[in-house]
Amino acid sequence: LICFILVTPLDVIKTRLQAQSNPFPKGKCFVYSNGLMDHICVCENGDSKAWYKKPGHFKGTLDAFVKIIQIEGIKSLWSGLPPTLIMALPTTVIYFTCYDQLSEALKSGLGKDDEHIPVLAGSLSRFGSVTVVSPLELIRTRMQYRKLSYKQLYTCVSSKVAIDGWFSLWRGWTSTVLRDVPFSAMYWYNYERFKKMMCKEAGAREPTFFIAFTSGAASGSIAAVITLPFDVVKTHRQTELWESETLKFPQRQCTSTWAVMRKIVAKNGITGLFAGIIPRLFKVAPACAIMISTYECGKSFFSHFNEKMDQHP
């Protein structure tokens, strides 16, 4: 929840500034981040009163922040958040739980200090969570755009599966996996190394809030920079996919991740693959730091609590 409170306003302001300079037409897609997950949002009808269509004459990020609070109220900084939490919260819980369980299982087989454990546990837990969530995100986006009832949604999904097969529910999965799995592997590997190193320097048996926060921010920043090209490709492919479905544009030829990457390099050069590096760092570093520090503190608290309960039943 702390992560949502601090990170979501940055993305809301970014989206409002984008909509001001280039208004979103019906069917146009944009990426919305709540700090835990990125979601593809499809714009509604031109006369709708959606939060991203509200008028505003903003001169920049700080001006937008002040004016949104003054004119619309502070709640507007968390516009569009509730629908995304339905998947983000359980997905994050599953991801962290799987990482812990896999780490313990691998330690018993490979040894407690094996450096491959964070890489393997991080990769497998993210691979699983991405695979589970991918069709749910596709269904959520379709419901948002077409305002379908559950019965209509079932009919829509059934017809899609009948025509294109079950794998059609995982369209866009490859680019997500290519970004999230390497990110998770690098994140956990660096986090465990930084945490161990800082605990040793501080003479601490377990990480303090500061150690977890600093290690999380540093490892998240490193992973964010290295995997940024895959993030750019993922956003490009997913928005293109949804615009082709909603606006009925013909699907373009280059559908593979590598083809999209070559196309971006040809158009914008190698720097095109690192577009938006500063906003991504501002978003990822605090999100990773907040999540892991609160998770470590919560885990430590309940571990000590359970120990006391066992000693004094």
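Tutor: The discussion below moves from the overall fold to helix packing, the nonpolar cores and a few individual residues.

Student: What kind of model is this?

Tutor: It is a predicted model, so the values discussed here are computed ones.

Student: How many helices and strands are there in the protein?

Tutor: The protein has 10 helices and two strands. Along the sequence, the order of elements is α-β-β-α-α-α-α-α-α-α-α-α.

Student: And what share of the residues is buried?

Tutor: Of the 313 residues in the protein, 45% are buried. The exposed surface comes to about 17,300 Å², and carbon and sulfur atoms supply 66% of that area.

Student: What part of the contacts links residues 24 or more positions apart?

Tutor: Such pairs account for 71% of the contacts with a separation of 6 or more.

Student: Let us turn to packing. At what angle do H7 and H10 pack?

Tutor: Helix H7, residues 209-226, packs against helix H10, residues 277-311, at an angle of about 145°. Their axes are 7 Å apart, and the crossing is right-handed. The contact between H7 and H10 is made up of 15 nonpolar, five polar and two charged residues.

Student: How do H6 and H7 pack?

Tutor: The angle between H6 and H7 is about 145°, and their axes lie 8 Å apart. H6 crosses H7 in a right-handed manner. By class, this contact contains 16 nonpolar, six polar and one charged residues.

Student: Which residues of the largest nonpolar core touch the most other members?

Tutor: That core has 21 residues, and those touching the most other members are Cys3, Phe96, Phe183, Tyr187, Trp188, Tyr191 and Ile292.

Student: Which elements give two or more residues to it?

Tutor: They are helix H1 (2-21), helix H3 (81-110), helix H4 (116-146), helix H6 (173-202), H7 and H10. H10 gives the most to this core, with six residues.

Student: What is Phe183 in contact with, beyond its neighbours within four places in sequence?

Tutor: Phe183 is in contact with Gly220, Ala223, Ala224, Thr227, Arg280, Val284 and Cys288.

Student: What other core is there?

Tutor: Another core, of eight residues, lies apart from the largest one. Its members include Leu228, Phe230, Val232 and Val260.

Student: Now some single residues. Is Ile13 buried or exposed?

Tutor: Ile13 is buried, because its relative accessibility is 3%, and the cut-off for burial is under 20%. Ile13 sits in helix H1.

Student: What does Ile13 contact?

Tutor: Leaving out neighbours within four places in sequence, Ile13 is in contact with Thr61, Ala64, Phe65, Ile68 and Leu77. Ile13 and Ser79 are 66 residues apart in sequence, and their C-alpha atoms are 9.9 Å apart in space.

Student: Is Phe210 buried or exposed?

Tutor: Phe210 counts as exposed because its relative accessibility is 57%, and exposed means over 50%. Phe210 belongs to helix H7. From Phe210 to Ser293 there are 83 residues in sequence, but the C-alpha to C-alpha distance is 7.6 Å.

Student: Where is Met198, and what does it touch?

Tutor: Met198 is in helix H6. Beyond its neighbours within four places in sequence, Met198 is in contact with Phe210, Ile211, Thr214 and Ser215. Met198 and Ala212 are 14 residues apart in sequence and 9.2 Å apart from C-alpha to C-alpha.

Student: Why is Met198 classed as partly exposed?

Tutor: Met198 has a relative accessible area of 22%, and is therefore partly exposed. The range for that class runs between the buried limit of 20% and the exposed limit of 50%.

Student: One more: where is Ile69 found?

Tutor: Ile69 is found in helix H2, residues 61-72. With a relative accessibility of 29%, Ile69 also counts as partly exposed. Not counting residues up to four places away in sequence, Ile69 touches Ile74 and Leu77.

Notes. Residues are numbered from 1 along each chain as its sequence is written. This is a predicted model: local features need pLDDT of at least 70, side-chain atom pairs count only at pLDDT 80 or more; totals for chains, interfaces and linings use all residues. Side-chain values use heavy atoms; hydrogens and water are left out. Axes are lines fitted to C-alpha atoms, for helices over the stretch in contact, and angles run from 0 to 180 degrees between N-to-C directions. Helices (H or I, at least four residues) and strands (E, at least two) are DSSP runs, numbered from the N terminus. A crossing is left-handed if the near helix is turned anticlockwise from the far one by less than a right angle, and right-handed if clockwise. Ala, Val, Leu, Ile, Met, Phe, Trp, Tyr, Cys and Pro count as nonpolar, Asp, Glu, Lys and Arg as charged, and the others, Gly among them, as polar. A nonpolar core is a set of buried Ala, Val, Leu, Ile, Met, Phe, Trp, Tyr and Cys residues joined through side-chain atoms within 4.5 Å. Buried means under 20% relative accessible area, exposed over 50%, partly exposed in between (1.4 Å probe, protein chains only). Contact means heavy atoms within 4.5 Å. Accessible areas come from the Shrake-Rupley method with a 1.4 Å probe; for residues, only the protein chains shown count as cover.
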